[in-house]
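Please keep the structure open beside the text while reading.

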Amino acid sequence: MFSRPSLCGNLGKLCRSGAVAVISAPPTTTALPVLPGQARCDGRGYHEVVGDIICPSQVRGIDHIRDPRLNKGLAFTLEERQVLGIHGLQPARFKTQEEQLQLCKIAVNRYTEPLNKYLYLSDLHDRNERLFFRFLSENIEDLMPIVYTPTVGLACQRFGLIYRRPHGLFVTFNDRGHIFDVMKNWPEPNVRAICVTDGERILGLGDLGACGMGIPVGKLALYTALAGIKPHQCLPIVVDVGTNNIDLLEDPLYVGLRQKRVVGREYDDFIDEFMEAVVKRYGQNTLIQFEDFGNHNAFRFLDKYRNNYCTFNDDIQGTAAVAVAGLYASKRITGKSLKDYTFLFAGAGEAAIGIADLVVKGMVAEGVPIDEAYSRIFMVDIDGLLTKTRKVGSLDGHKINYAKDIEPMADLEQIVSTIKPSVLIGASACAGLFTPKILKTMGENNERPIIFALSNPTSKAECTAEEAYHNTDARVIFSSGSPFPPVTVGNKTYYPGQGNNAYIFPGVGLGVICTGTHHIPDDMFLIAAQELANFVEPSDIERGSLYPPLQSIRDVSMNIAIGVTKCAYDKGLASTYPEPQDKRKWLEDQLYNFNYECSMPVTWTWPRMPYIKTRAESPLIAAIK
């Protein structure tokens with residue numbers, strides 16, 4: 001939906017080659033043949049410009065209406081309309097961008113169904129890029145639930161029905177051996193950030209295959225709206241290796257490869273080729289954000305690529321940073337540090353492991369020995385508590401770090417009663433997992449219990465905010481992964497904060513892109529967590545939120561980007577030199593401009609040339625002997 005660009009621009013105007021074609025010519029002239037390999041230029045692409053520098057000789061007047069990057073709608077002035085040759089192609093009304101924003105708000109509010117609002121915003125982006133991103137950035141609290149979770153989940157489920165035109169790149173398993181050739185088809189030459197998914201674990205909805213494109217598209221829209229990263233520098237990609245979702249395979253509207261997922265060595269080789277193609281096409285410092293890969297692949301790829309590519313996994317590291325930021329903010333309420341808590345994670349997938357790993361790193365930063373840090377974290381998967389003595393379930397990968405030498409337990413209520421955690425974090429995608437009894441037990445064992453129900457979308461949350469507050473006598477310190485409405489208990493209304501990754505990844509991405517960072521260490525995500533927690537005001541805590549209002553997220557992103565920039569230069573990871581002294585101003589100078597710019601060609605005057613008398617002309621002597 002929201003990315004750059006929807007269809008090919010100048011590079012996409014290449015027409016068929018091979019057989020000799022004829023260009024239409026006036027009757028009095030001879031038609032010129034188009035030789036094999038030569039481009040026909042009798043058609044215009046959907047996007048007429050690439051990058052952020054427009055070549056005036058390549059753009060016609062009508063392109064300013066057709067191309068969403070150039071289009072301003074009724075905001076073209078009379079002079080612009082006349083000079084560009086588009087006068088008469090629009091009504092006589094002239095509007096400011098502010099008036100257009102008001103109309104957008106009226107239009108989107110006319111719809112009651114979130115998916116219809118999603119489709120309206122998609123259409124707006126396809127018509128007028130600057131207006132779309134300004135509308136999104138200035139109304140993020142209302143529109144983030146539309147362009148991202150929870151509505152994006154529904155959009156992915158209905159992707160085959162609502163698909164209109166491409167907004168990203170689809171690289172299929174059938175393209176193996178030619179992935180670089182597919183990458184070349186994307187018309188933008190200066191991509192700096194890629195968000196890629198294979199669609200195996202979309203939010204809490206499971207395997208959606210190629211329909212998962214909505215996730216990277218939505219993520220990169222937030223890169224621009226929340227951090228000011230230029231849209232043409234962002235590229236959403238789905239690597240389509242099939243799907244194991246039988247409903248999709250049998251769905252006549254499914255748009256992806258109609259086959260079971262490729263696994264094993266073939267799959268790994270395919271991803272290896274993809275990573276190499278990205279670097280070959282866009283350079284070693286291209287940011288590659290992995291999104292919604294299956295648990296069994298997410299950690300493998302992070303461990304495999306993190307020291308060879310500029311990459312991170314948002315489900316692991318982004319989720320971890322926003323959760324740890326909430327824990328840092330909770331210190332103001334409990335007066336305790338991370339080392340004073342006992343943690344219990346419901347779920348042992350990439351989100352839970354990622355949070356736990358960053359909590360360990362945070363405790364080590366507080367001076368706690370790493371073994372002691374691990375000992376304070378308990379974890380439950382589908383087979384029960386992670387223990388070294390249990391006879392069911394695996395302890396593969398990073399799980400082994402959190403397995404305890406105690407008797408196995410499978411019942412979550414029993415585990416909570418036995419371990420008595422002070423922090424209960426849900427990342428299980430199991431709706432209602434935190435029963436009233438579990439919530440009451442947390443309240444009985446802690447003066448201020450900390451409960452995070454982080455699973456997305458809202459329908460998959462372990463408990464609702466209302467359940468958490470009512471079952472703990474409103475003493476709970478609560479956060480969720482999806483938005484919940486305010487909760488009133490007695491005479492006080494609480495506004496629970498949403499621990500959305502969007503607080504983290506746009507700022508990290510901005511700092512990484514601008515510095516040309518080679519690799520992304522976990523230190524950057526701990527810095528991002530600290531910067532986010534520092535932005536929380538006492539008034540936010542008082543109203544029941546561990547996070548600042550979403551309206552301030554652009555300021556949060558800038559602070560995170562500054563922290564990431566400092567880290568990149570301190571650790572020798574940056575490749576952009578010299579190191580800027582005023583990092584805030586340096587970053588601000590590279591941001592996207594949401595406001596309209598003048599569409600008139602730039603003109604300037606020359607000084608009058610001095611008079612110099614020239615000699616008389618002499619006839620040419622053509623005779624050559």
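## What counts as buried

In this report a residue is called buried when its relative accessible area is under 20%, and exposed when that area is over 50%, with partly exposed residues in between. The model is a predicted one, and the values below were computed from it. By that cut-off E291, with a relative accessibility of 1%, counts as buried, and D315 also counts as buried, at 7% relative accessibility.

## The annotated binding site

An unreviewed UniProt entry lists E291, D292 and D315 under the heading "binding site". Although these residues span 25 residues in sequence, no two of their C-alpha atoms are more than 6.7 Å apart, so they gather at one spot. E291, D292 and D315 are also taken in by the lining of the largest pocket.

Where in the fold does E291 lie? E291 is placed in the loop between β6 (287-290) and α13 (295-305), whereas D315 belongs to helix α14, which covers residues 314-334. Setting aside residues up to four places away in sequence, E291 touches Y148, C195, V196, T197, D198, I215, K219, D314 and D315.

## Aromatic pairs across the chain

The structure holds 22 aromatic pairs. One of them joins F133 and Y592 in an edge-to-face arrangement, with 6.0 Å from centre to centre and 80° between the planes. This pair links distant parts of the chain, since F133 sits in helix α5 (residues 129-138) and Y592 in the segment after α24 (583-588), 459 residues apart. F133 counts as buried at 1% relative accessibility, and Y592 counts as buried at 10%.

A further pair is made by F312 and F525, whose ring centres are 5.4 Å apart and whose planes meet at 55°, so the pair is tilted. Here too distant parts of the chain are linked, with F312 in strand β7 (residues 311-313) and F525 in helix α21 (residues 522-534), 213 residues apart. F312 is buried, having a relative accessible area of 1%, and F525 counts as buried at 1% relative accessibility.

## A ring cluster and charges over rings

Ring pairs also link Y267, F290, F293, F301, Y305 and Y309 into a cluster. Another member, F301, has R300 lying over its face, at 5.0 Å from the ring centre. Elsewhere, K280 lies over the face of F180, at 4.3 Å from the ring centre.

## A buried leucine and an exposed arginine

L510 lies in helix α20, which runs over residues 505-515, and at 3% relative accessibility L510 counts as buried. When its neighbours within four places in sequence are left aside, L510 is in contact with A227, I229, M558, A561, L587 and L591. The C-alpha atoms of L510 and Q590 are separated by 9.4 Å, while the two residues are 80 residues apart along the chain.

Is R110 buried or exposed? At 62% relative accessibility R110 counts as exposed, and its place is in the loop between α3 (97-109) and α4 (114-127). R110 and G228 are 118 residues apart in sequence, and their C-alpha atoms are 28 Å apart in space.

## The chain as a whole

The protein chain has 24 helices and 16 strands. Its radius of gyration is 28 Å, close to the 25 Å that the globule rule gives for 625 residues, so the chain is as compact as a globular protein of that length. Along its principal axes, the C-alpha trace spans about 110 × 55 × 50 Å.

Of the 625 residues of the chain, 56% count as buried. Among contacts between residues at least 6 apart in sequence, 71% join residues at least 24 apart.

Note on methods: Residues are numbered from 1 along each chain as its sequence is written. This is a predicted model: local features need pLDDT of at least 70, side-chain atom pairs count only at pLDDT 80 or more; totals for chains, interfaces and linings use all residues. Side-chain values use heavy atoms; hydrogens and water are left out. UniProt positions are given in the numbering used here, feature names are shortened, and annotations may be inferred rather than shown by experiment. On a 1 Å grid over the protein atoms alone, a cavity is a set of points where a 1.4 Å probe fits but cannot get out, and a pocket is an open set with protein on both sides within 12 Å along at least five of seven lines; lining residues have an atom within 4 Å of a point. Helices (H or I, at least four residues) and strands (E, at least two) are DSSP runs, numbered from the N terminus. Buried means under 20% relative accessible area, exposed over 50%, partly exposed in between (1.4 Å probe, protein chains only). Contact means heavy atoms within 4.5 Å. Rings of Phe, Tyr and Trp (its six-membered ring) pair if their centres lie within 6.5 Å; planes under 30 degrees apart count as stacked, over 60 as edge-to-face and the rest as tilted. A charge sits over a ring if NZ of Lys or CZ of Arg is within 6 Å of the ring centre and within 35 degrees of the ring normal. The radius of gyration is taken over C-alpha atoms; the globule rule is 2.2 Å times the number of residues to the power 0.38.
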